[in-house]
Every structure is written in structure tokens, then in C-alpha cells.
Amino acid sequence: MDRKSIIGILLIFAILVVFSYLNQPSKEEIAEQQQIKDSIEQVEAQRVLEQQKYLEEQERQQNAVEVGDTTVQQEMEQAKEDEFGIFGRVALGTEEFSTLENDRMIITFSNKGGRIYSVELKDYQRYDSTALVLFDGPETLFGLNFFSQNRSISTDQLFFKQVGGRKNVVISGPPVKTGDEGRIKVNKENPGETKSVTFRLEPEPGKYIEYVYTLSHNSFMVDFDVNMKGMNDYISRNQSYLNFSWAYDVPRQEHYSRFGEDRYTNITYKFFEDEVDNLSKGKSDEEELTTNVKWIGFKQLFFSSTIIADDAFPNASVRQDKYDYENTPDYLAYFQADIAIPYEGSPNENHKLQFYFGPNHYQTLKQYGLDMERQIDLGYAIVRPVNKYVIIPVFNFLRRYIDNFGIIILLLTVMIKMVLFPFTYKSYMSQAKMRALKPEIDEINEKFGKEKAMEKQQATMALYRKAGVNPMGGCLPMILQMPILFAMFFFFPTSIELRGESFLWAKDLSTYDSIISWNFDIPLIGNFMGNHISLFTVLMTITTIISTRLSQSSASTQGMPGMKSMMYIMPVMFFFLLNSYPSGLSYYYFLANLITIGQTYAIRQFFVDEDKIRAQLQANKKKPAKKSGFQKRLEDMAKQQQQIQKRKK
């Protein structure tokens, strides 16, 4: 290892140390984080305590029913009537479950609250090969809240009756090809069955709150109708809104990664006929949404559960409590939304809503025309259109004909590099011209030295002008390629198509391909690279260094002594940064580097004759020079600087 390499490595460590120091939390931030952590723990402890009380009460009631203890039953009924008034009649019961199933999901309902108890997606699995359940458990909060007879009523504490009595409803339909999952167009051309499950809360005969869930074949969308009949006799008339509460613990679906699911899990929402916004991705957060809201999404990296208004929700409040992996490894966060639903106080009211339970797949979400695809992070304003109109369409086109995603990424890379080849060629030609002028540049540097910087710059620009060389010619083509480079940086981490797809040694292209791992943390560095080494990232780093070396051998770095070292430092820094990113991304960069190396050798061998280039430049120097606007501005700036220096003397 030479001196420059050692200096480069030391610089990397120095940069990481400074970065970690500058980004370490302040005492106030640490105190705030501890307060949030303590509050979350208190909420969890209270939730566990309430659940334990509920189970004990259920057991006591069940025992009373089994032994026929009428006294205990009467006491319980009286207690419920005191607590819930007219709704006390439906506050006692035994929890029972039923399901509604199509080819995409299994929805489990509980008669307690008439709520969606859990949702399992059939086409996917968790990272540990178990069933992928979006949410599950008795702690799931789902129901209407309102005032009745001066009492606060929550329907999730009351027992609904299932109309029809069928416990397991299965929806059938024609087979669906891979890639057509959940597509509306396919369903219209080859429709399957549509079935409903109805739960009714009936405090008195003929007066009820009714939940109707409707699901079709090959669909991720569930219609949710809330029907009320005669509730104006019980619900306070001075209420303009009913509150619908929906909350649950978000299960972990992917391997832990600071740059994976843990980073992308947050609540998103769309304002009515306006933009999509979200809570913070990296921390606990909450927001009062005081204007009309079209939908609210509980989003993870690859999946989401979204509640959608037929028109708009007048207002809502959303809150997320992010969990720490060390303390709660099986869950990512606790999500809660309290949503206002208009209430007119009429004898018959109906509210139509929908739920989306499914993958964050761009085309699937886009087909609904609700901007739900904006939940997928495709990059900033200048990058997102590249993914939206170029990368995703090409990727989907290749997917129709090829099942191996490693081959798809290879072909995608080849196509991109072919499109960019004219820019690569132009950049190399510019570098070749700069090399051809190096002897003259060296003469100018020797003639003027460091003391006459302005004169040296003027002479250099004059040489470029006479030879017909644009000193920015090698940079501009590379700058034009940057949007695609960054587009891929956002595309691969959020592409659900790669989830669970293996290639070579990588078992899952949507996460890192660890070949070496350890069970301890390396200070500072561990915050970036994790506790593993990814092979594709290693290969990407090696090929980047090789490509950089070839580029330096063909480029002039005269006047930029630090550039040479920096170009070697950058690949090593990217190794630490990308080591925990999806292997599909590192694989793409690795392939791009290999093709770039091949293109460089091909250009040198077959397209560039440096002797001819030098001869052409010498011939150009003899022709009358034409100043470009750019060159003229540079010369004017140099003259102005020279005049300013003379005045100072």
C-alpha cells in the first residue's frame, strides 16, 4: 500500500469521525428521544394491562355463562347498561371470527367491533418465510366513536352480529397471469365473483349500525360501507362528525436495515385535490390534518394499508410511534388515525369508504387514479420523471418476457449504457483532445509559473480557442448522465419486484447480500455499513476503482492535484454507504462499471487515434479562431480579475 492509499484511508476515517460528531444528537434531543421512548413504553404497558383485564373479564363472563350463574350475568348486564346505556345490550358476548378470501388476500373479521382483525396477503411471505400479515391481534383499534345518552361509545367494544352467518366466504374467478395481479383492466375483461360480509350492531330491533365489506376476485381494494338506521334516536344531535379510529402495531416484514424497511415506514396522506404528504420517516411524529383529506396510508417499504374516502374526510389526526429495534424487534411502529366522518343526524345515513391492502407496486397503485403511487419514493423532482417515464416502463417491458431478475437488471443496464454511449464517447474524445494538448499546457505552466495565474489562464484559454477544444466538453456529458444515476439509486430500494428474487449468491435482490457478518458493532463505521460485508458492493467498489484509474489515465488533472486522490477515496466511501443497500442496486452499479470499462477499451482500440487528433488540433490552431460565447465570457472575467489586481498594486 503506497503513501497516497494510506492518506486516502485516513481521510475516509477522518470524514466519518467528523460526520458522526456533527450529527450526534444534542442533550435536548437525547432528552426528547428518551421522553418519547418512555411514553411509548407507558402506552405499551397500559395496552398490555388493558388486554389482560379484558381477557380476565372475558374468562369470568364465560365461566358464568357455562355454570349458569344468572346472578353474575345480571350483574354484568346491569354494569354494561350503566356504562353504555342503550348499547349495553350489545356489550356482552363471545368473540368469534370469520373470513373473506379471494386469490390475493385473506381478511379475518371479529364480531367484537365488527372490525377487520387481520389481513394476510397470499402472494407474499415475511423474510422468515412465514405468512405476510399486514396487521393482526386484539390490540387492533377499529371502529366509530360517538356520544349517546351522555356516554362515550366506542363500537370496537361492542358485539356485532354477522348477517347471513357464513363464517368463511371464498371468492372465485378465472386464473390470473403473473404481472396482472390486482389489475382493474384484467378484471373487466375476465371478471370473477364479488361477495360481501355484513356485520350489524343492533341495540334495538330495526335500529342499527352496519358494516358491509365487499371484495372482488383479483383485487386488493375492499369496499367498506357504513350504514346507520335509526341511530338519530341515540346519537347526540349536536355532533357534526363521528370519529372513526384505526390503529395497529406494524409488523416487521423485512430483514432489519437502517436503509430498508425501518427507513421507509411512515404514515402518508393526500389532501383532497392537492399534494401527497407524510409524517417523518425517521422518528415518531404526529399531525393534525385540518383540511379535507382524500386518503390516509399506513405505509411500509413494500406494502401499505390505506383508508380512502368516497369524497373526502373533513379532517383527521395521525400519529406514529417508531419502535427501537433492540427493544421491539418484531414491530416497526404504532400507527393511529382518528378520522372525522360527517354526521347529519338523519334516520338513514350511508358512508362509502374503501381500504387498499396490498403491495406498493407502482402500476397497481397508479391505476386507481388516487396518487397512491406517490407513496413510493422515486426521488426528487429532477429524478422522479426519469423513473416514472423511463426506468419503470422499460423494467416492466422486460419483466413480461423474462422471469430472472438478474438478467432483467443486466439487460436494463445494457440498454441504459447504449443510450448513454454517445455521451460517453463525447466525454472520452474531449479527454483525448485535452491529452493531446498536454505538451503545450505544460509549456504554458512552465512559462508563467504560479506567480502569474491570470496570464497563465488567459494563455491556456487562448490555446483552447485556437485548437477548437472545449475544456468543459468532458464534464457536461457526465453531468447529463447524473439524473439516471440517481434515478437508479431510488428505484432499486423501493422496487417490490425484486423482493424475494434471488440471483447468483444473492438470496434477495431487495436487501443486502451478506457474505460475512459479525455480532458486534464497529464504532462510527457500523452506523453506515452495518455488521456485514456485501459481495456485490465489494465488486462494485473494485470495478469503480478500475474504471476511475482508466478515466484518470485518459484525462488531464493538471491544476487539480487533489482530484486524483479524491477520485479514489469516493469509491471507498460509497462502499461504506451502499453496503446496507439492496444488492440489486450494487449489482446494477457493478454491471455499469464493467460496461464502462469495456466501452473505454473499445473506444481506445477502434474509435480514437490520438495521433490524428493531435494533428487535427495543430491544424485547427492555424485557422482563424472563432470565439464561443462561453470562451469570450471566460476571457472577459480573466481580464477583469487582472485589472483588479493591477489596481491593488
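Let me open with K281: is this residue buried, partly exposed or exposed? K281 is partly exposed, with a relative accessible area of 28%. For these words, buried is under 20% relative accessible area, exposed is over 50%, and partly exposed is in between, using a 1.4 Å probe and protein chains only.

Before going on, a word on what we have here. This is a predicted model, in which local features need pLDDT of at least 70, side-chain atom pairs count only at pLDDT 80 or more, and totals for chains, interfaces and linings use all residues. Residues are numbered from 1 along each chain as its sequence is written, and side-chain values use heavy atoms, with hydrogens and water left out.

Back to K281, then. You'll find K281 in the loop between strand 14 and strand 15. Helices (H or I, at least four residues) and strands (E, at least two) are DSSP runs, numbered from the N terminus. What does K281 touch, leaving aside its neighbours within four places in sequence? The list is D262, R263, Y264, T265, N266, K322 and D377, where contact means heavy atoms within 4.5 Å. Take T265 from that list: K281 and T265 are 16 residues apart in sequence, yet their C-alpha atoms are 6.3 Å apart in space.

Now the whole protein. There are 17 helices and 22 strands. Of the 649 residues, 47% are buried. Looking at contacts between residues at least 6 apart in sequence, 68% join residues at least 24 apart. The protein exposes about 33,600 Å², and carbon and sulfur atoms supply 54% of that area. Accessible areas come from the Shrake-Rupley method with a 1.4 Å probe; for residues, only the protein chains shown count as cover.

Next, salt bridges. The rule is a side-chain nitrogen of Lys or Arg within 4 Å of a carboxyl oxygen of Asp or Glu. How many salt bridges does that rule give? The count is 16. One of them pairs E95 with R115, with the closest N and O atoms 3.8 Å apart. This pair links distant parts of the chain: E95 is in the loop between helix 3 (70-84) and strand 1 (97-101), while R115 is in strand 3 (residues 115-125), 20 residues apart. R115 is buried, at 4% relative accessible area.

E101 and K122 form another salt bridge, and here the closest N and O atoms are 2.8 Å apart. Again distant parts of the chain are linked, with E101 in strand 1 and K122 in strand 3, 21 residues apart. K122 counts as partly exposed, at 34% relative accessibility.

Then there is D128 with R126, whose side chains meet at 2.9 Å, N to O. In this pair, D128 is partly exposed at 35% relative accessibility, whereas R126 is buried at 16%. Finally, D103, R104 and D123 are linked in a network of salt bridges.

On to surface patches. Patches are made of residues with over 30% relative accessible area and no salt bridge; like charges are joined within 9 Å, and nonpolar side chains (Val, Leu, Ile, Met, Phe, Trp, Tyr) within 5 Å. Which residues gather in the patch of negative charge? They are E273, D274, E275, D277, E286, E287, E288, D310 and D311. Asp and Glu count as negative and Lys and Arg as positive, with His and the chain ends not counted. The place of a charge is taken as NZ of Lys, CZ of Arg, CG of Asp or CD of Glu.

Strand 15 (285-289) and strand 17 (303-313) each supply at least two residues of the negative patch, and strand 15 gives the most, with 3 residues. D274 lies in the loop between strand 13 (266-271) and strand 14 (276-278) and is partly exposed, at 45% relative accessibility. E273 also sits in the loop between strand 13 and strand 14, and E273 is exposed, at 69%.

The nonpolar patch is formed by I479, M482, L485 and F486, with about 340 Å² of accessible area together. Of these, M482 is found in helix 11 (residues 476-494) and is partly exposed, at 32%.

One last item, on backbone angles. Most residues other than glycine have a negative phi. E273 has a positive phi, near 55 degrees. N150 has a positive phi too, near 60 degrees. N150 is in the loop between strand 5 (141-148) and strand 6 (151-154), and N150 is exposed, with a relative accessible area of 79%.
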